[in-house]
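Open the model in your viewer and keep the selection tool at hand.

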Amino acid sequence: MNPTEFVLKLKEKGIILNETQIKQFHDYYLLLKKWNDIMNLTTIIEEEKVYEKHFYDSLTVAFEYDFSNKKMLDIGTGAGFPSIPLKIVFPRLKLTAMDSVAKKMKFIEDVVKNLGLKDVTIVPDRAESYIVKHREEFDVVTARAVARLNILMELAAPYLKVGGHFIALKGAGGQEEYHEAREASELLHLNLYAHQEIELPEEKSSRHNYFYVKTEKTNPRYPRAYNKIKQSPLKKS
């Protein structure tokens, strides 16, 4: 998917990019390529693959959810997916991009500066640490390629306001993770209201995006320490 095809495919879905946004995606790609020579941000670096497997893939959630004016946290943002593509498309999105790898956050700082993005908070921290002062603060929490769904839920739910949305971007194994996480979603008061099954236009690989709404406050015991979450994902006793 070249940049022109990217713009046209988004237009088909009702997302119309202006010239500034088109240039921001181009500049983002150039920065990704430049920084990837210094550190390992992504194994996918060819332009057409980046536009499809990173940029377009990140934006599929916007076919279902309107991010305009929302306060959003992206956990494990890495090279900025889905956070930066969403911020480009929704410039009034109030974004907090978090990753525990500080050098990746330096890359995000450079992207934000060079693309002229406003209202972006960059957090080099772990989700289970940053929560201390930011419990139930966000309208929406996203995560892509970070951890299994039952683990992500425990990290994400405490950040959400009641009525807020958790959006998990998953690959071909998403359905297995969804079934595995059903008990955790009940314990954390996360109700699934939408499931996107999408095939990337050119590569034809499948994606599963899951949309949850938080219906009650999160028990203050969550999140637990990450090692405990990973070793014993939430289940009903």
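Select H2 and H3 to begin. Their axes come within 11 Å and cross at roughly 120°. (Axes are lines fitted to C-alpha atoms, for helices over the stretch in contact; angles run from 0 to 180 degrees between N-to-C directions.) Helices (H or I, at least four residues) and strands (E, at least two) are DSSP runs, numbered from the N terminus. The crossing of H2 past H3 is right-handed. (Right-handed means that the near helix is turned clockwise from the far one by less than a right angle, left-handed anticlockwise.)

This is a predicted model, in which local features need pLDDT of at least 70 and side-chain atom pairs count only at pLDDT 80 or more, while totals for chains, interfaces and linings use all residues. Residues are numbered from 1 along each chain as its sequence is written, and side-chain values use heavy atoms, with hydrogens and water left out.

Now show the side chains between H2 and H3. Phe25, His26, Tyr28, Tyr29 and Leu32 of H2 meet Glu47, Val50, Tyr51, Phe55 and Leu59 of H3. Contact here means heavy atoms within 4.5 Å. By class, this contact has 8 nonpolar, 1 polar and 1 charged residues. (Ala, Val, Leu, Ile, Met, Phe, Trp, Tyr, Cys and Pro count as nonpolar; Asp, Glu, Lys and Arg as charged; the others, Gly among them, as polar.)

From H2, the contact uses Gln24, Asp27, Tyr28, Leu31, Leu32 and Trp35. From H5 come Lys103, Lys106, Phe107, Asp110, Val111, Asn114 and Leu115. Those residues divide into 7 nonpolar, 2 polar and 4 charged.

Next, select helix H7, residues 149-156. Is it enclosed or open? 8 of its 8 residues are buried, so H7 is largely enclosed by the rest of the structure. Buried means under 20% relative accessible area, exposed over 50%, partly exposed in between (1.4 Å probe, protein chains only). Glu154 and Asn150 are among the buried residues.

Move to strand S7, residues 206-214. S7 is mostly covered, with 7 of its 9 residues buried. (Two strands pair if DSSP finds at least two bridges between them.) Glutamine 196 has asparagine 209 of S7 as its bridge partner. The hairpin of S6 and S7 has 6 residues between the strands, and lysine 204 there takes a positive phi near 70°.

S5 and S7 pair in the antiparallel sense over 6 bridges. Isoleucine 167 stands opposite phenylalanine 211 in S7.

Finish with the rings. How many aromatic pairs does the structure hold? There are 17. (Rings of Phe, Tyr and Trp, its six-membered ring, pair if their centres lie within 6.5 Å; planes under 30 degrees apart count as stacked, over 60 as edge-to-face and the rest as tilted.) Pick phenylalanine 67 and phenylalanine 90: a tilted pair, 5.7 Å centre to centre with 50° between the planes.

Then pick phenylalanine 166 and tyrosine 212. They are stacked, 6.0 Å centre to centre with 25° between the planes. Phenylalanine 166 lies in S5 and tyrosine 212 in S7, so the pair ties together parts 46 residues apart in sequence. Both residues are buried.
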